[in-house]
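Please read it alongside the sequence and coordinates.

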Amino acid sequence: MDIRPTTDQDFDVFVDTMLAAFGRFRDALPGGGLWWAALEMDRGLFAVAKDGRPVGTAAAYSFDLTLPGEVLVPAAGVTCVGVLPSHRRQGVLSALMRHQLTELRAGGDFLSVLLASEAVIYRRFGYGPATRTQRLTVPRHKAALARPRAHGTAASAATGADTGSVEVLRRSECGEILEEVYDRYRRAQPGALSRPHRWWALGAGQPPVSPSPRYVAVHRDADGVPDGYASYALGDPASTLTVDETIAVDDAAATALDGFVLGHDLITQVVFKNVPPEHPLRWRLADFRAGQVSDDTDGLWVRLLDVPRALTARGWFEDGELVLDVDDPFLGERSRHLLTVRDGKADCVPTDREPDLSLDVSDLASLYLGGTAPSTLVRAGHIRAHHPGAATRADALFRTDRAPYCLHWF
Ligand SMILES: CC(=O)SCCNC(=O)CCNC(=O)[C@H](O)C(C)(C)COP(=O)(O)OP(=O)(O)OC[C@H]1O[C@@H](n2cnc3c(N)ncnc32)[C@H](O)[C@@H]1OP(=O)(O)O
């Protein structure tokens, strides 16, 4: 089995091979957007059988990932992973992953990320689920918002005190507004990925990045500057308003947009397709039970390709130190690190001190953005705590100021 890089000339064969692995056909999305339109063919790989036929694919996008502390770093967005049904369980994916991880490292990447089609595939390659996402359904007749108890806060928008305005546009009329608002939002949201201009220009991915027909409620602040949007469509199922995503640079804009979609006529329910766990919207509803959570699932998976570099890149919120014994079986590496945090910055050096925690690199990835507490993985039997206070200390150290979340589909 050979692995070879792809070029622009391979585009059609690459897409067809990848689609065959997914059992899909090449069908344009409504509105002309193709979800694979932004593929970077110089970052693609073919697994090639002895007869020269491609039987497996993998690729990577060049994204920025926002780390805790509003730190932006490059991250490879692994995508289009597929092996033809005729060639499965013969080690093709393993060969692709090994090749890709080695290449990413050699190119200076220290983080890669992906969205997993199945949750059982990627841990063995060192990826861990680092964000989660949910669907929230609110029946229209229970959609009343609570009166905010803290006066003078962003939530006062819920009572009609919003000083901004909402305008409904068609997706095709939005120009650069969505791209600009998304870019402001993602810089402050840990776990968020950049949506490079190329994605918007080519209409790649899913709505509202693709130009599929959608209505978009655009929120503007008191000065008329767009600071949020909700992309939505009515129907499917009937009488349902489905929100692709609500993006807002602050809570006032988010509250105004939630109020707008929940107040829409001619519907029986609003489905927010993607919201983070602990979304403030559930608390904004007067009836806490009105928001029905479903499809709680993993979101972004993260892979640390260089542990010290990754740990020193993110922001930290509590001083302390921890010795981590990290096992990376797929790459055949084991390393012990002394992590010391002072004034929001970390130092990470090799040590032979006794470890506080022993963990797999995939579990470290699940802690990395602050979405899962180390103590949870200790209790799950994934992480070994070497003394009674170790998990509590690790919880305090890894805690972040804002839960991570990733909305970008790739
Ligand atoms: C980021 C993304 O693009 S996610 C998209 C992933 N792609 C898909 O879901 C498309 C459909 N599926 C496929 O194309 C293939 O089944 C793949 C890519 C998931 C796996 O490819 P394969 O070449 O069969 O994997 P490979 O033979 O290297 O398997 C390595 C190990 O993972 C296990 N494994 C691989 N896929 C799966 C799976 N879907 N479920 C459970 N175990 C799996 C294998 O059993 C094997 O385990 P072992 O080492 O204990 O023997």
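How many helices and strands does the protein have? There are 10 helices and 19 strands, in a model that is predicted.

## Overall dimensions

The protein has 410 residues and a radius of gyration of 22 Å; this agrees with a compact globule, because a globule with that number of residues would have a value near 22 Å. Along the principal axes, the C-alpha atoms fill a box of roughly 60 × 55 × 35 Å.

## Burial and contacts

Of the 410 residues, 44% are buried. Contacts were also sorted by sequence separation: among those between residues at least 6 apart, 72% join residues at least 24 apart.

## A five-stranded sheet

An open sheet is built from 5 strands in the order β17-β16-β15-β18-β19, and the pairing is mixed. Strands β17 (345-350) and β19 (384-385) form the edges, each pairing on one side only.

Strand β18, covering residues 357-360, runs antiparallel to β19 and is joined to it by 2 bridges. Within this part of the sheet, L357 has A385 in β19 as its bridge partner.

## Helices on the sheet

Helix α8 (residues 361-368) packs on the sheet and touches β15 (320-328) and β18. The direction of α8 makes about 100° with that of β18.

Which strands does helix α10 lie across? Helix α10, residues 390-398, lies across β15, β16 (333-342), β18 and β19. Relative to β15, helix α10 runs at about 100°.

Definitions and conventions: Residues numbered from 1 in each chain as written. Predicted model: local features only at pLDDT ≥ 70, side-chain atom pairs only at ≥ 80, totals over all residues. Helix = DSSP H or I, 4+ residues; strand = E, 2+ residues; numbered from the N terminus. Rg over C-alpha atoms; globule rule 2.2 N^0.38 Å. Buried ≥ 20, exposed ≤ 12 C-beta atoms within 10 Å, placed from the backbone. Contact = placed C-beta atoms within 7 Å. Pairing = 2+ DSSP bridges. Axes fitted to C-alpha atoms, helices over the stretch in contact; angles between N-to-C directions.
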